[in-house]
Amino acid sequence: MHARIALLAGDGVGPEVAAEAVKVLTAVGRVAGHRFEFAPALVGGAAIDATGSALPAATRDVVAASDATLLGAVGGPRWNAAPVRPESGLLELRAFMGVYANLRPVPLFDAGRRMSPLRAEVLDGVDLVVVRELTGGLYYGDRHRGGDVAWETCRYSELEVARVVRVAARLAITRRRKLTSIDKANVLETSRLWRQVTERVMRDEFPDVTLDHLYVDAAAMFLVREPARFDVLVTENLFGDILSDESSVLAGSIGLLPSASLGEAVDGRPPAGLYEPIHGSAPDIAGRGIANPIGMILSTAMMLRHSFALDAEARLVEAAVAAALDDGWLTPDVASAERPARSTADVGSEIARRIEAGYP
């Protein structure tokens, strides 16, 4: 197959991890007979510096003409006082692409387990995915700041809740058929709507999936106390952002976690998704060659699976990642005295080598 991929490297460590994603996908293309064409474009702070916009029209055109989009990271302190923030480009990109469902799996590798502050028995049996609603809620509501007062509006419609719950339920059907919906229905009106719509959708459309509810504060506690109780979690934008970052404690490093942001399929074709690691731009380590590329590389595996229906190729990438980590190809965030750190580029090259060698 031939696929065109928009490559939005962004800021900070974004270009470093994006380079390893290209390396890995090129290896996949060679062994599986595919051609991946990369179309670079600007986003975030890099785009602001070049054009004054965090998501220029030229970038929108590249994304619209591509089959999927890879994103490195956006943001950094140099733009904190700027009239346009890099993060606004990411929010605009998600809305522009219509990618309302953000899938954030939590892979557990032995290298990460050794770094996790949680006891080994707490991690036994952990296999969960957070499904985060991505284009509604506080991040997209009306906002204002004037004098000593600031506010944002959290808004959700029944349509927005129902469609992301359906994505999460379909995912649960392929797993252990358990869905946990997370809200704050004892306080927030949007959460009461969320719970009502979720119960209706699950009762009418997915009766064979077990549904339970948790308040977000309780969910935050259970994520680190009893994480094995979860299968698929679905929640609104802000809660999903926070809880999925918290779940990186289970994996041992936020640098290991990938994500896929998906919208509606068009004419029966898979959606042109947005794929990115869940970590930020990490400006404090940018340019040092020590950023973990695994989250970015596993995001490419999600792209192969969800946008291109190349499940065998996705499993090849995932197997190469697991084998490389097991053999000690670790960046500083998951390295140890017994297993010394490697560079970003070295880890990416080793994973690409194993893909071409047909690992495992």
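## Surface, fold and salt bridges

The protein exposes about 14900 Å², and carbon and sulfur atoms supply 53% of that area. The structure is a predicted model.

The chain folds into 14 helices and twelve strands. The radius of gyration is 20 Å, close to the 21 Å that the globule rule gives for 360 residues, so the protein is as compact as a globular protein of that length. Along its principal axes, the C-alpha trace spans about 50 × 50 × 45 Å. The contacts show how the chain is brought together: of those with a separation of 6 or more, 76% are between residues 24 or more positions apart.

Next come the charges. The protein carries 38 positive and 47 negative side chains. The centres of these two sets lie 1 Å apart. Some charged side chains pair up, and the structure holds 27 salt bridges. Three of these pairs can be looked at in turn.

One of them joins Asp127 to Arg175, with the closest N and O atoms 3.3 Å apart. This pair links distant parts of the chain, as the two residues are 48 residues apart. Asp127 sits in the loop between α6 (120–123) and β5 (129–133), while Arg175 sits in the loop between α7 (158–173) and β8 (178–183). How accessible are these two residues? Asp127 has a relative accessible area of 37%, and because this falls between the cut-offs of 20% and 50%, Asp127 counts as partly exposed. Arg175, at 25% relative accessibility, is also partly exposed. The pair belongs to a network of salt bridges that links Asp127, Arg175, Arg176 and Asp231.

A second salt bridge is formed by Arg203 and Asp204, whose closest N and O atoms are 3.3 Å apart. Are these residues buried or exposed? Both Arg203 and Asp204 are exposed.

Asp311 is partly exposed, with a relative accessible area of 33%. Arg305 has a relative accessibility of 25%, so Arg305 counts as partly exposed too.

Definitions and conventions. Residues are numbered from 1 along each chain as its sequence is written. This is a predicted model: local features need pLDDT of at least 70, side-chain atom pairs count only at pLDDT 80 or more; totals for chains, interfaces and linings use all residues. Side-chain values use heavy atoms; hydrogens and water are left out. Helices (H or I, at least four residues) and strands (E, at least two) are DSSP runs, numbered from the N terminus. The radius of gyration is taken over C-alpha atoms; the globule rule is 2.2 Å times the number of residues to the power 0.38. Contact means heavy atoms within 4.5 Å. Accessible areas come from the Shrake-Rupley method with a 1.4 Å probe; for residues, only the protein chains shown count as cover. Lys and Arg count as positive and Asp and Glu as negative; His and the chain ends are not counted. The place of a charge is taken as NZ of Lys, CZ of Arg, CG of Asp or CD of Glu. A salt bridge is a side-chain nitrogen of Lys or Arg within 4 Å of a carboxyl oxygen of Asp or Glu. Buried means under 20% relative accessible area, exposed over 50%, partly exposed in between (1.4 Å probe, protein chains only).
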